[in-house]
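Visitor: I have a model open and would like to go through its contacts. Can we start as soon as it is on screen?

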Amino acid sequence: MAEMTFNMDDGYFEGLVRGFKGGLLTRGDYANLSQCETLEDLKLHLATTQYGNFLSNEPSPLAVSTIDAKLKERMVSEFQHLRKQAVQPLAKFLDYISYGYMIDNIILLITGILHERDVAELIPKCHPLGVFPELKTLSIANTTEELYNSVLVDTPLAPYFLECVTRQDLDELNIEIIRNTLYRAYIEDFYKFCKSIGGATEDVMCEILAFEADRRAFNITINSFGTELTKEDRMKLYPRVGRLYPAGLKMLADCSDYEEVVRVAEYYAEYRPMFDTGAATPGEKTLEDKFFEYEAKLNIKAFMQQFQYGVFYAFVKLKEQEGRNIVWISECIAQKNKSKIDNYVNLID
Amino acid sequence: MSANDDDDRVEQQLDELLDLYMDLYTQYTATMNDLQLSMKDGFLWVSKTRKSLGYDRISPLQYPRIKTATAHVTDEEDMIQAFDELSLGTSSSGSTASDGAVGASRNTAADDAPASTLRQRRKGGSKNPAPSDGGSVKSSKSQPGKKAEVKQRGDSEVERKKREKVVKERDSDEEGEDGDKGAKQPASSQRGVNSDHHDAIKAEIAQRRKADPLRWFAGLPPPALRSSQRHFKQSVDAVVELARIKTEMDAVARAYRQLQLSQIRA
């Protein structure tokens, strides 16, 4: 039944997002970009793609951070074009996509304030998709309780923050715990929302979010080795909507080193190949690279089905991946280290 | 005949000094290559970290404007002098840690914070040590006039003399090592140690971890970031080694010139 009524409210937007997806860079485009000797060359080559002259007003010499910022700006403008015209429930779905960036911005500001940076210096560095009016008032909070009561209580993130309020001191580890706790609550809430929509949206989005949850669980586990994060605290950070829940998460929580994590991954066919080899040099594929590849595959697959909201989420993530690819190529060119320049995730053949 | 013997001896000494200089030059170029490789890999790992975490997660916004050096470079003579000054109750010359601890100490308060390698590179400042006759070689981590200088001995001796640099102390954090392979977790219990000592050790470890610059960027640092830190630490070692070799080469070159002059005068 959804197929019969989807186009009434959301058909135009699906058409738009499929058009945006058609503009993603192909293998040939990446090959051209990899041949560039300087960032100016890269700018010229990007002008022949759907990005056009988005860097034309930037002064020379071009910096990689400028390219990153402009790519984000382009992605955000396309997203906002969809969001401003969308009606419910698509509007709420698109809002859910932006909550992840809001969490990142809050953490960025808290970290910057902790290191005595001015808020005016930090706000321009926030991700534009995650900007909300209360963000500028973050500097008044010294503890998580103040943060919640003074700033976040009226924002969409308030329900996610209730679990973090017990963390009093805002030091580096606690901030990381707050980030991951917020993210866990966000992913679980988003998962529940997608399930409530049902149909093809549920099929597509739940698979993507389950992978996201499992990825976070693996990353939290591996990154926590050698830190003060206890196994009990680690368990509380794992989102409970992935394939690893519950047995895999329990095993991950008990891991003490990388080899034990690999043994846990061996129980899951889709994750086993990702842990086969580690990266000894920066040119080889790391675990994160393999996660990005798998995520890109899921997002491309999302476009195989029509009349569902997964295409919007997949588009945002594919655009992000494209941005990462271009920034990686730019970094290799800027550092004159082109031997590893092919270490990007190809999206479209 | 004795004049001929003297000439032969001087010639032999000159040859030995030249051999030594060539050996040092070979070491210098090899260490320079190591430095370049470790810096290159370090920056590439930083780029990889930015790729996974996001560009703005690894930026100047993440670190404080005033930073504390976690390692210093001192000479053996400085350590002995600092020891003497400690035992005599006099203040140190400022070349060692500000709280008077001997030699290189960890987590001491800095004067103006030395800028990080990344910041120096961006500003285009060159921090290579420039040795002068009888002067001091500054470590590449410090600004001119700041502490952590490596003093140079007098070079009046002709015969071969190697000046020992104290091995740079550094934090013993294991999480600075390795990429994808996990680092060890802190031992949660130590057998056979009383609880006070155990608590003190834990507090010390926690303090050192807090001071680890890795924590500025992420409370749970990813393997790529740890790899980049490891490579940059290697490059700092290489820089100190280069400074040592360079001063030795200068000393050998001076000795060679003096020997040549003495031969000419004779």
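Visitor: Which side chain does B:Asp56 meet in a salt bridge?
Guide: That of A:Lys72, with 3.4 Å from N to O. Keep in mind that this is a predicted model.

Visitor: How many salt bridges does the rule find across the interface of chain A and chain B?
Guide: Five of them. On the side of chain A that touches chain B, the residues divide into 20 charged, 17 nonpolar and 16 polar.

Visitor: And how many residue pairs are in polar contact between the two chains?
Guide: The count is 12, taking pairs with both residues at pLDDT 80 or more.

Visitor: How many residues of each chain are in contact there?
Guide: 53 residues of chain A touch 39 residues of chain B.

Visitor: What area do they bury between them?
Guide: About 4,100 Å², and 54% of that is on carbon and sulfur atoms.

Visitor: Leaving the interface. How many salt bridges does the structure hold over all chains?
Guide: There are 32. One of them joins A:Lys319 to A:Glu78, with the closest N and O atoms 3.9 Å apart.

Visitor: What else does A:Lys319 pair with?
Guide: A:Glu322, where the closest N and O atoms are 3.5 Å apart. Both residues lie in helix α15 of chain A, three residues apart, which is about one turn of the helix. A:Glu322 is buried too, at a relative accessible area of 0%.

Visitor: Now chain B. Which residue does B:Glu241 bridge to?
Guide: To B:Arg244, with 2.5 Å between the closest N and O atoms.

Visitor: Which residues do shared partners join into one network?
Guide: A:Glu58, A:Lys70 and A:Glu73 are joined that way by salt bridges.

Visitor: Switching to rings. How many aromatic pairs are there over all chains?
Guide: 29. Among them is A:Phe6 with A:Tyr309, a tilted pair at 5.7 Å centre to centre and 45 degrees between the planes.

Visitor: Where do those two sit in chain A?
Guide: A:Phe6 is in helix α1 (residues 2–22) and A:Tyr309 is in the loop between α14 (287–302) and α15. They are 303 residues apart, and the pair links distant parts of the chain. A:Phe6 and A:Tyr309 are both buried.

Visitor: Last one: what is the layout of chain B?
Guide: Along the sequence, the pattern is α-α-α-β-β-α-α-α, with six helices and two strands. Chain B has 266 residues, 43% of which count as buried. Of its contacts with a separation of 6 or more, 75% are between residues 24 or more positions apart.

Key:
Residues numbered from 1 in each chain as written. Chains lettered and ligands numbered in written order. Predicted model: local features only at pLDDT ≥ 70, side-chain atom pairs only at ≥ 80, totals over all residues. Heavy atoms only, no water. Contact = heavy atoms within 4.5 Å. Buried area = accessible area lost by both parts, 1.4 Å probe. Salt bridge = Lys/Arg side-chain N within 4 Å of Asp/Glu carboxyl O. Polar contact = N/O pair within 3.5 Å; in protein donor to acceptor, adjacent residues only side chain to side chain. Nonpolar A, V, L, I, M, F, W, Y, C, P; charged D, E, K, R; others polar. Helix = DSSP H or I, 4+ residues; strand = E, 2+ residues; numbered from the N terminus. Buried < 20%, exposed > 50% of the residue type's maximum accessible area, 1.4 Å probe, protein only. Phe/Tyr/Trp six-rings, centres within 6.5 Å; stacked < 30°, edge-to-face > 60°.
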